Amino acid sequence: MNAPLPSPTRRMFLATGGALVVSFALKPLSALAQGAKPAQPNMPPQPKLPGSLGKAPYLDAWIGIGGDGTVTVFTGKAELGQGIKTALIQCAAEELDVDLKTVTIVTADTERTVNEGYTAGSHSMQDSGTAILNAAAQVRGILIELAATRLNLPAEQLQARTGAVIANDGRSVAYKDLVTGEALHRVASAQSPLKNVKDFKIIGTPMHRVDIPGKVTGAPMYVQDMRPEGMLHARVVRPPNYGAELVAVDIASVEKLPGVIKVVRDGSFLAVAAQGEFQAIEAMNMLASIAQWRKVAQLPDQGTIHQFLTRLPSQDQVIANKGDPSQQGAHLLRASYTRPYLSHGSIGPSCALALMKGDKLTVWTHSQGVYPLRNSLADMLHMKPEQVHCIQVEGSGCYGHNAADDAAADAALIARAVPGRPIRVQWMREQEHTWEPFGPAMLAKVTGRLDSSGRIDTWDYGVWSNTHSMRPGPAGTLLAARSINPPFPAPEPKPLPQPEGGGDRNAIPLYSLPHVRVVHHFLPDMPVRISALRSLGAHMNIFAIESFMDELALAARADPVEFRLRQLDDPRGRDVISAAADEFRWAARPRPGNGQGCGFAFARYKNLAAYCAIAMQVEVDPESGRTRVVRAAAAVDAGEIINPDGIRNQIEGSILQSLSWALFEHVRFDRTRITSVDWATYPILRFASVPDTVTVRLLERPGEPFLGCGEAGQGPAAAALGNAVANATGRRFRDLPLSPERIRAATGA
Amino acid sequence: MTVLNVNGKQHEVNADPRTPLLYVLRNDLALNAAKFGCGLGQCGACTVLVDHNPVFSCVTPIAALEGRYIRTVEDLGSADKPGPVQRAFIEEQAAQCGYCIPGMMMRAQALLEKNAAPSDAQIREAMAPNLCRCGTQMRILRAVHRAAKLMTVELQGTEAKG
Amino acid sequence: MLGRTLLGLAIALILAFGAFFAWQWRGELAPTTTSAHAFDPGIVTKGAQLAAIGECAVCHTRAGGKSFAGGFPVQTPFGVVYGTNITPDRDTGIGAWSEEAFRRAMREGVARDGTHLYPAFPYDHFTKLTDGDISALYAFLMTRAPVAQANRQPQLDFPLNFRIFAAGWQLLFLTKGPYRNDPSQNATWNRGAYLVEGVGHCGACHTPRNALGAERPKEAFGGGVSEGWDAPALNASSPAPVPWTADQLTAYLKTGFADQHGIASGPMHPVVANLAKASDADVRAIATYVASFIGPRNAADRQRQTEASLAFAKQRAVSVNDLARTTTGVAPADDRSAGGVLFAGACANCHRSGGGLPASRPIALALSTPVNSSDPTNLLRIIADGIHPAPGKSGPIMPGFSGALTDPQIVALADYVRAHYSRGQAWPNIAATLAAIRSNPTPAMEAP
């Protein structure tokens with residue numbers, strides 16, 4: 001009943017000489033941010049620092065060297081299963097020139113690491129990776145400086161190697177012996193003595209992930225595995241549908257059940273804490289069966305949801321306007337595309353632990369953003385942020401904003417009601433499926449015109465969407481906060497601005513088009529709870545754009561790959577397209593027939609991050625309407641590659657997940673509630689539907705900035721699939737999912 | 001009081017006999033590998049072996065398990081001495097978030113104990129009850145193939161010694 | 001004297017056999033070439049709907065194989081007959097068959113080359129189709145994707161592996177010719193009867209057969225077997241606790257679920273998957289016809305039985321308040337409380353009422369036909385193997401409990417479920433039935 005997680009936690013509290021004192025390093029950050037009187041003398045204005053160093057310029061906020069020679073890396077980002085811990089360790093180990101075995105990493109923790117916002121938007125390498133790479137290089141520089149003083153030698157005669165500074169004359173000093181006091185407590189410079197990429201030994205290698213051995217041998221790796229002394233198991237009873245109010249419940253009868261410690265009721269928030277987990281579940285079931293609710297919500301009709309959404313009031317933003325896109329004329333094509341609400345469908349439902357001790361709350365959570373969550377929780381509980389400590393611990397893959405923050409809020413409320421005992425809240429499968437914030441349903445309409453030479457002349461695109469982020473935030477983003485008495489109101493949704501965008505992410509094509517107009521119809525009203533799902537609006541926009549590209553290519557009687565190259569100037573984009581076509585052997589692909597078909601798609605995520613092109617071959621059975629993906633080949637340009645296997649893993653995963661979305665998935669609801677409640681009613685990809693092969697070719701761009709790639713495959717995979725199915729059946733499908741019923745209905749078997 | 005044989009050790013468990021094995025493994029015996037994914041027998045994250053059969057521990061009450069041979073991932077090896085299935089998953093880097101992987105490993109172990117050299121189609125069919133949301137299936141398939149080879153090598157090694 | 005009598009007898013037999021041989025002999029019909037484009041798309045669509053009701057793809061598609069290319073093993077009491085390749089491949093399928101050859105096969109059970117077909121192919125039902133519908137089916141099949149896949153020979157007990165016995169069977173049991181309307185019934189009923197008796201061939205599973213494998217005409221819809229499952233009686237002996245109505249049958253056949261009966265399982269699962277492609281009007285017609293003879297005939301009896309069954313189900317529903325408890329470990333298999341503990345731990349999480357988690361809950365077990373049948377086979381198969389929808393299809397998932405529970409535990413569980421959820425007698429033969437199931441795992445039935 002113990003088991004602290006294996007982590008550098010303990011090491012950090014071994015405050016031996018030279019060990020990092022993080023809180024000190026963090027103080028000036030908040031002081032600078034708030035403009036309050038700084039603990040340091042006034043800093044001169046900082047030149048632009050690389051990555052997140054701009055948010056936390058002190059080097060020892062990122063790198064610590066212990067008295068025992070261990071190196072600790074601090075990141076404000078979270079391990080979500082994307083391999084970030086490993087990649088960041090690689091960055092640090094390379095630039096610091098230390099043995100990998102001596103490096104450990106501390107991830108997002110409001111009392112120990114920098115505030116890097118959310119681990120989202122494929123920003124981790126760009127923000128945290130860049131910061132750590134540069135910080136490590138600068139620390140190496142400082143160590144050489146210190147050794148130069150110690151050995152009375154010029155720095156040019158010194159080299160940092162494997163944890164020590166070595167002089168040409170053979171003398172050496174270990175790092176741990178150089179770092180005393182606050183040697184690393186220095187503000188970073190804008191320039192770093194980065195290694196030459198040719199000399200990399202760790203960066204660019206497919207180093208094995210540091211977390212996998214623990215995960216395959218039963219080590220406690222997840223927040224679900226935590227079992228601190230005195231822990232109680234808790235379950236929440238959620239309302240039968242959105243907005244239902246708790247009218248009455250006989251708490252006393254449930255508090256008599258074996259093992260039950262307390263039933264917590266606050267307004268419509270209802271939960272139970274018990275000694276044993278099964279006891280908590282039984283008590284939850286009992287409470288749910290006797291609770292009386294006043295139902296309120298009305299949901300729109302699922303069958304006509306897209307018409308419904310487009311009739312809601314919208315805030316229209318023109319995000320691209322070039323030339324005269326209103327030209328009419330010949331060779332005009334029109335299409336509209338839709339996608340349904342999609343579920344994150346995390347395989348492990350959300351979980352959190354919370355402990356209220358005196359006026360201090362500690363929360364262990366798999367949230368993507370512990371700092372914003374901390375502020376939300378503090379608001380909800382009328383506490384000061386300093387009184388709330390949020391520690392990120394791994395959960396199962398979240399793919400965006402799932403119920404992680406809500407589980408944390410639940411745990412916090414119960415912890416407040418049962419102080420002094422760690423409270424573990426575990427969401428049930430059905431609760432995760434019905435209460436998580438979904439990826440919004442979207443609609444896109446596009447009109448395009450070809451000129452007489454088969455190039456796109458005019459492009460007029462509009463996308464309708466809710467916001468793609470209702471993350472903490474104000475307390476009202478937390479489900480529990482909207483249930484307690486008095487409730488916090490759900491905050492006003494806002495569009496995420498370009499160039500990253502939300503519903504309009506990737507709505508502007510990367511192609512060179514003479515006349516372009518792109519309008520984002522932002523819909524503030526949200527009939528169904530939504531928030532960020534992997535790639536946000538990019539999934540839908542790329543699906544629509546790349547499907548329409550194929551429709552135009554067909555009208556131009558052009559090969560889909562050649563057609564794209566015809567309109568794309570970006571050289572890295574062109575390289576990725578050619579590489580994917582080559583990887584797939586596009587020129588020799590099977591002709592359509594007998595249900596076989598091939599499709600291609602390309603995008604640069606956010607027009608800022610990684611480039612990804614995917615080619616796919618499918619087999620459609622006209623009798624059943626079922627599509628089998630035979631093979632997929634992708635090419636990716638992610639800038640400088642830290643861990644090629646990590647990127648491959650992410651892209652393969654992105655493709656398979658996107659195939660699952662596109663082939664099978666849609667959230668179901670009737671007029672009162674969400675009705676896709678489990679894997680039976682929300683089926684996803686199983687082994688039977690997995691392709692024969694998926695290959696990923698990585699383009700090498702040593703020395704280029706990191707480009708986030710975790711979400712780069714979602715859109716292109718959906719479009720490649722749609723294009724392959726169109727090629728196989730001779731019919732175009734514009735509405736996701738490409739279900740067997742839809743395909744059968746169109747192919748008329 | 002129910003006596004359970006888990007990973008070769010006898011445990012006296014003082015839990016309601018209706019309690020699904022999963023909660024006993026995790027809470028009473030502090031074994032982390034088997035995971036709660038759905039509690040409904042739909043996803044396989046809780047898969048363990050009972051008498052060499054892959055079983056959803058979330059819907060198997062301990063009342064059904066007295067005197068039977070229960071194995072979890074912790075029985076396949078350790079961090080210092082990983083067994084063939086564990087080595088295969090590490091060598092293929094067959095995990096993203098990793099939450100589904102213990103269930104996958106036990107189902108693979110059950111398959112390989114019955115079929116030492118399964119085909120791709122046989123592996124896909126055997127693994128069908130287990131879900132992976134991150135999309136790691138390609139690597140999991142490669143890991144099972146690799147585990148089959150590693151198990152054969154290990155067996156040959158043992159036979160050679162014996 | 002005796003010698004002459006014997007000689008006379010021998011000559012008579014030879015003459016009789018000769019007459020029979022001449023009677024059964026069928027010539028080969030000339031191979032033809034038909035272009036797929038020769039068919040009217042409207043006729044092809046009609047053929048598609050008939051093929052859906054006829055479930056052609058089920059017996060003519062191997063698990064994991066291409067549609068209609070054959071290879072599916074049809075279990076009969078006499079051995080296994082494999083569904084043939086009915087794609088328009090010329091060499092291995094029916095690509096060279098003229099429409100006349102196709103019609104002869106459907107009406108008379110004779111292949112293009114004159115071979116008599118075993119009645120595992122239910123031409124005793126298909127003979128009832130009209131010429132127009134046979135043409136539509138022909139059009140449909142000739143426009144499918146051709147697949148080269150050689151047919152597997154049947155594996156039948158000697159001497160039935162000689163085709164002449166198929167001819168003999170036809171002589172005794174085949175009444176050729178299309179269905180004739182019953183003028184005392186309305187158009188919907190007649191349409192339903194035409195479909196059920198003809199292309200739907202429901203009686204092929206749901207009617208008991210004689211020793212020679214023919215349906216007993218006087219026991220129509222009295223129940224039968226299919227692929228190792230019990231096909232329940234659809235006549236007055238229907239074991240369903242709540243008598244089926246046309247509405248409930250329509251819902252069941254169209255969606256695979258009826259809220260007072262449960263879900264389609266076993267061989268009915270692919271049947272229902274196919275019926276999803278049929279027109280709503282046809283499914284309703286089928287339901288109307290079956291509803292006219294299933295369960296009690298008297299309206300008052302139906303009402304009484306419905307109310308009693310629903311009340312019983314409500315009373316017996318295990319709710320969160322009263323899950324079975326025990327304080328000891330596993331009791332011997334013949335102690336029902338052991339089954340109760342197993343039910344509470346393994347089943348009640350889904351198979352209970354109340355609770356508030358918005359789960360896709362199954363129906364009350366007391367309303368289930370397998371639980372109330374006199375034969376425990378179907379319930380045992382469901383417990384052992386579970387319920388698994390086709391990939392990507394939304395539908396109930398039930399884990400199979402083979403392996404998790406030992407066979408004696410499954411027996412105890414089935415015994416408990418029967419005792420708790422049925423007013424019928426305890427099954428005396430659960431263990432033996434489970435043993436029979438273990439020796440006959442069913443082929444995977446592909447739900448196209």
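Visitor: What makes residues 17-173 and 313-438 of chain C domains 1 and 2?

Guide: The domain assignment of chain C gives those two ranges, 17-173 as domain 1 and 313-438 as domain 2; domain bounds come from an automatic or database domain assignment. Taken over C-alpha atoms, the centres of domain 1 and domain 2 of chain C are 41 Å apart. This is a predicted model, where local features need pLDDT of at least 70 and side-chain atom pairs count only at pLDDT 80 or more, while totals for chains, interfaces and linings use all residues. Residues are numbered from 1 along each chain as its sequence is written, and chains are lettered from A and ligands numbered from 1 in the order in which they are written.

Visitor: What makes residues of chain B and chain A count as in contact?

Guide: Their C-beta atoms, placed from the backbone, must lie within 7 Å. By that rule 45 residues of chain B are in contact with 49 residues of chain A.

Visitor: How do you know which class the residues on that side of chain B belong to?

Guide: Ala, Val, Leu, Ile, Met, Phe, Trp, Tyr, Cys and Pro count as nonpolar, Asp, Glu, Lys and Arg as charged, and the others, Gly among them, as polar. So the side of chain B that touches chain A divides into 25 nonpolar, 15 polar and 5 charged residues.

Visitor: And in chain A, where do the domains lie?

Guide: Domain 1 is 9-213, domain 2 is 223-295 + 345-435, and domain 3 is 442-468 + 503-747. In chain A, 12 residues from domain 2 and 13 residues from domain 3 take part in their contact.

How values were computed: Two residues are in contact if their C-beta atoms, placed from the backbone, lie within 7 Å.
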